[in-house]
Amino acid sequence: MTDPRDPAPASAEPVVMEDASFSYGSSTVLTGVSGQVPAGQALALVGPNGSGKTTLMRALLGIVSVSAGRVRVNAAVPGRAPRGSVGYVPQVSDLDPTFPVTVREVVQMGMYSQLGILRRPGSRTRRRAMEALESVGLADRAELRFGTLSGGQQQRVLVARCVAARPRLILLDEPFNGLDQPNREALLSIITDLKEWGVSLIISTHDLVLAQETCEQAALLAGRQIAFGPRDEVLVARYIDEAYGGHGTTRLLGLRSAAEAGESQ
């Protein structure tokens, strides 16, 4: 697969957090987050519903306030990172499937912030869109209407929209929910390629097997940070028990059983 990105710049970790807390207005919903996401690695955000996973992602985008501590995204305060350096793929498509827009046009939307006001997409923009679609295996769907694709294909198009902007960091919110096996495997391959190209990823997930398969780092959250670090040190029964209220052993055994079943196939 051809890398559609420019070489990633050699600089500090794309995400650095030091004892950070995050709030909606006067209500603090996540506290004590400390850790880094190195270039070319993926961080799994794991925890029960309401644990703060989506809050943390929104904070990194500059949508939710950092009420304490220090957070830097691509060496800037959240929301002030260089234009196009952070990409976001929502859990549910943010596009109306009935809207008459082609797959290629959806991908080109990822570059609009770099074009400037009133500038129309030119041949370079279209070429980058096609390269991004090639990277997710959907170049042959470029001129189809976006709404005609399956849910899994739409998810891959939204990843291509991020890739086209050539970010250093991509945030994926529950990207594997509802995907069939072919699209799941395709997305796993895409994530591997992105890391090889030097892109960092933060992936919100309830799936511990997925976290083990795709992420070098993990953060366990439960309204506060339970643990943050290498996945094999974080995704252990003791910490999972603390995050999930005493059910960590069951979840960990399920994780190991699923992993062993995959190895035997």
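Visitor: What does the model show for residues 5–11?

Guide: In this predicted model, pLDDT (the predictor's confidence in each residue, from 0 to 100) stays under 50 over residues 5–11. The model has eleven contacts beyond four places in sequence for this stretch, a contact being heavy atoms within 4.5 Å. Over residues 258–265 pLDDT also stays under 50, and there the model has one such contact.

Visitor: How do you know what to count in a predicted model?

Guide: Local features need pLDDT of at least 70 and side-chain atom pairs count only at pLDDT 80 or more, while totals for chains, interfaces and linings use all residues. Residues are numbered from 1 along each chain as its sequence is written, and side-chain values use heavy atoms, with hydrogens and water left out.

Visitor: What is the mean pLDDT of the protein?

Guide: The mean is 86, and 84% of the residues reach 70 or more.

Visitor: Why is the pair Arg104 and Glu143 called a salt bridge?

Guide: A salt bridge needs a side-chain nitrogen of Lys or Arg within 4 Å of a carboxyl oxygen of Asp or Glu.

Visitor: Is Arg104 called buried or exposed, and how do you know?

Guide: Buried means under 20% relative accessible area, exposed over 50%, and partly exposed in between (1.4 Å probe, protein chains only). Arg104 has 16%, so it is buried.

Visitor: What about Glu18 and Arg70?

Guide: They form a salt bridge too, with the closest N and O atoms 3.4 Å apart. Glu18 has a relative accessible area of 40% and Arg70 has 35%, so both count as partly exposed.

Visitor: How do you know how covered α5 is?

Guide: Helices (H or I, at least four residues) and strands (E, at least two) are DSSP runs, numbered from the N terminus. In helix α5, 13 of its 14 residues are buried, so it is mostly covered.

Visitor: What makes a set of residues a nonpolar core?

Guide: The members are buried Ala, Val, Leu, Ile, Met, Phe, Trp, Tyr and Cys residues joined through side-chain atoms within 4.5 Å. The largest such core here has 52 residues, and Val157, Val159, Leu194 and Leu220 have the most contacts inside it. Its largest share, seven residues, comes from helix α5 (residues 151–164).
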